[in-house]
Amino acid sequence: MIEFAGRTAFVTGGANGVGIGIVRNLLEAGAKVAIADIRQESIDRALATLDNREVMGVELDVRSRDGFAAAADEVEAKFGPVSLVFNNAGVNLFQPIEDSSYDDWDWVLGVNLGGVINGVMTFAPRMKARSASGEVTGGHITNTASMASFIGSGSPGIYNTSKFAVRGLSYSLRHSMYQYGIGVSCVHPGLVKSNIYASDDVRPDELKGAMKPVDKAMVDRLAGVHEFGMEPDVIGARILDGIRENRANIFTHPDHKEEVREIFDEILADYRDYPRDAGFDQRVAFEKIRRDNFAETRRKAREI
């Protein structure tokens with residue numbers, strides 16, 4: 001079981017919502033924590049509530065690879081090597097794919113998927129090298145997806161796309177990083193008390209060219225709905241529990257279990273018992289080797 005005390009954590013989108021819940025729980029567990037967020041004023045408000053413990057803020061647009069590297073260097077210069085990474089920053093756009101623009105795609109994918117890629121590519125090689133040298137033992141990378149990584153409704157289409165991709169990235173990364181004693185988890189929250197409904201507030205000007213006018217009435221409705229979302233400190237505690245157990249998937253909300261079961265039943269129902277084609281036996285023999293190897297990889301990844 002991983003211990004958080006004494007480790008350095010880097011949390012994107014850390015100033016509110018899921019992020020601040022993760023931050024508070026990490027601090028309670030004895031970690032040193034860097035809050036990375038795109039808004040300095042949000043970082044300042046968050047820091048003002050945290051009693052001057054071992055916590056710092058770094059302003060970061062997660063779409064920026066250079067910005068990520070600079071932020072990582074700044075944090076590690078102050079707190080030491082980062083061994084707990086939380087790629088949590090995200091935005092949403094509540095509209096279907098066919099009503100979206102390329103600017104919409106570039107913005108949402110740039111944050112929700114590109115931000116996770118940049119976090120992984122910044123920290124995973126460092127963590128691997130330090131594990132190999134014995135400088136730091138173990139660690140964990142946690143990527144925030146969503147129940148929208150399983151439940152693909154018509155809206156929000158681009159958000160669904162990004163979160164399905166984060167789930168796939170996390171699975172693959174888990175099955176390579178275990179070799180270095182580093183765990184990887186994917187978090188699938190449901191409704192959270194956060195400001196994600198107001199994502200347009202942080203949309204960059206260069207990606208507003210084909211932006212639809214903000215529907216203030218809808219934003220107000222979503223604000224009311226999010227008031228009933230899970231409290232950040234509750235979800236943060238459940239995420240740390242999932243990391244302690246090295247779960248591949250961390251489901252913080254029990255709300256969706258039966259719905260996910262129905263979706264997977266529908267997927268399995270789409271299979272057909274076709275007659276054997278030429279090459280079937282050879283193909284199945286090869287797939288058995290792959291399947292056995294993958295089962296062994298999953299076992300090893302669970303047991304680090």
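Biologist: How much space lies in the largest cavity?

Modeller: About 40 Å³. A cavity is a set of points, on a 1 Å grid over the protein atoms alone, where a 1.4 Å probe fits but cannot get out. Keep in mind that this is a predicted model, where local features need pLDDT of at least 70, side-chain atom pairs count only at pLDDT 80 or more, and totals for chains, interfaces and linings use all residues. Residues are numbered from 1 along each chain as its sequence is written, and side-chain values use heavy atoms, with hydrogens and water left out.

Biologist: Which residues line the largest cavity?

Modeller: Pro-81, Val-82, Ser-83, Met-127, Arg-130, Val-136 and Gly-138; lining residues have an atom within 4 Å of a point.

Biologist: What makes Glu-258 and Arg-261 a salt bridge?

Modeller: The term asks for a side-chain nitrogen of Lys or Arg within 4 Å of a carboxyl oxygen of Asp or Glu. Here N to O is 3.2 Å, so the pair qualifies. Both sit in helix H9, 3 residues apart.

Biologist: Why is Arg-276 called exposed?

Modeller: Its relative accessible area is 62%. Exposed means over 50%, buried under 20%, and partly exposed in between, with a 1.4 Å probe and protein chains only, so Arg-276 is exposed. Its side chain meets that of Asp-281 in a salt bridge, 3.0 Å from N to O.

Biologist: And why does Asp-277 count as partly exposed?

Modeller: Because its 40% relative accessibility falls in that in-between range. Asp-277 forms a salt bridge with Arg-283.

Notes. 1 Å grid on protein atoms, 1.4 Å probe; cavity = no way out; pocket = protein on both sides within 12 Å on 5 of 7 lines; lining within 4 Å. Points joined across faces, edges and corners; volume = space filled by probe spheres on them. Helix = DSSP H or I, 4+ residues; strand = E, 2+ residues; numbered from the N terminus.
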